[in-house]
Amino acid sequence: MPPTLPGTIDIREPRWDQSTFQGRAKHFFTVTDPRNLLLSGAALDEARRLVLAYRAGTVPPGLTEDELWRAKYIYDSAFHPDTGEKMLLIGRMSAQVPMNMTITGCMLTFYRTTPAVVFWQWVNQSFNAIVNYTNRSGDAPITPSQLGMAYVSATSGAVVTALGLKSLTKHLPAIIGRYVPFAAVAAANCINIPLMRQRELKVGIPITDENGNRLGESTAAAQKAIFQVVVSRIGMAAPAMAIPPVIMNVLEKRAFLKRYPYLNAPLQVGLVGLCLVFATPLCCALFPQKSSMQVSRLEPSIQAQIREVDPQLHTVYFNKGL
């Protein structure tokens with residue numbers, strides 16, 4: 001009979017050292033694995049049951065450490081870290097590669113006409129809005145009116161940016177026009193993410209000490225969290241939207257694609273997917289998920305509140321979102 005698994009493994013934290021880029025990369029390669037999308041509801045609920053039971057101090061007989069970590073990552077891939085709610089399927093990080101490779105591939109393929117630009121930017125920002133809402137930081141609810149206003153503002157901003165850039169590049173070389181979608185996506189991320197997470201900027205996100213004890217909510221922490229997410233998202237999109245246009249610009253001049261033009265979109269989607277398989281987890285790993293901040297950089301009222309509880313505390317932690 002195998003030995004009973006000890007109850008001292010900290011599954012609230014990732015399996016690998018998050019103070020190093022390599023450790024964070026291993027963590028996010030597991031979290032963003034698209035195969036997690038194929039798991040049944042029963043498998044997700046079983047993983048949730050195992051994780052919550054272990055956290056409560058109950059170790060199911062026969063459970064191995066590898067099985068525990070597998071359950072933890074299945075749980076993390078489908079349930080929100082702050083609210084515990086099951087996340088929307090297409091909003092999960094494991095959906096990033098299949099969804100983005102399709103949308104980005106189509107944006108890079110159908111960029112020549114105004115209706116196509118408008119349609120695919122709308123699709124992309126609608127998807128981004130779902131992802132940003134699903135992976136928001138904190139447990140405070142956002143009202144339907146706030147959600148609707150943020151969605152309309154972000155989508156409008158993305159479409160206007162794309163159309164403006166398209167008109168500016170009309171008389172420039174074709175390869176420049178191919179980068180309009182990336183420029184629009186980068187600009188739109190700077191609009192979409194803060195708007196979809198505007199409540200965090202107004203009321204703050206939960207901050208804790210090293211042991212997870214909640215100390216209050218901070219808007220300064222929210223600003224840092226959102227900035228890190230914007231940088232990560234732009235980095236995620238960069239290889240997938242910068243490398244395929246160069247390759248496709250060369251391939252479209254060859255006889256093969258001139259003879260079989262219908263292969264343009266599948267090739268573009270495949271190239272984007274190849275880039276995203278690596279860019280998504282590596283850019284998520286640019287910053288620790290459990291981000292930190294010096295107490296001295298928080299709002300004065302929060303600093304005073306923390307000093308009353310623990311005058312020796314110098315660093316606080318928060319979930320930055322994804």
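1. Start with the second largest cavity: its lining is Met 93, Val 229, Ser 232, Arg 233, Met 236, Cys 284, Lys 320 and Leu 322. A cavity here is a set of points, on a 1 Å grid over the protein atoms alone, where a 1.4 Å probe fits but cannot get out, and lining residues have an atom within 4 Å of a point. Its volume comes to about 40 Å³; grid points are joined across faces, edges and corners, and a volume is the space filled by probe spheres set on the points. By class, that lining has five nonpolar, one polar and two charged residues (Ala, Val, Leu, Ile, Met, Phe, Trp, Tyr, Cys and Pro count as nonpolar, Asp, Glu, Lys and Arg as charged, and the others, Gly among them, as polar).

2. Before going on, remember that this is a predicted model, where local features need pLDDT of at least 70, side-chain atom pairs count only at pLDDT 80 or more, and totals for chains, interfaces and linings use all residues. Residues are numbered from 1 along each chain as its sequence is written, and side-chain values use heavy atoms, with hydrogens and water left out.

3. H10 gives the most to this second lining, four residues (helices are DSSP runs of H or I with at least four residues, strands are E runs of at least two, both numbered from the N terminus). Ser 232 sits in helix H10 and is buried, at 4% relative accessible area (buried is under 20%, exposed over 50%, partly exposed in between, with a 1.4 Å probe and protein chains only). Setting aside neighbours within four places in sequence, Ser 232 is in contact with Cys 283, Leu 286 and Phe 287, contact being heavy atoms within 4.5 Å.

4. The largest cavity holds about 170 Å³ of space. It has 15 lining residues, and Asn 100, Asn 128, Val 185, Arg 233 and Ala 237 are the closest to its centre. H10 again gives the most, with five residues, and the lining splits into eight nonpolar, six polar and one charged.

5. Then there's the largest pocket, at about 1,200 Å³; a pocket is an open set with protein on both sides within 12 Å along at least five of seven lines. Of its 42 lining residues, Arg 12, Pro 81, Asp 82, Lys 290 and Asn 319 are the closest to its centre. H3 supplies the largest share, four residues, and the classes come out as 14 nonpolar, 15 polar and 13 charged.
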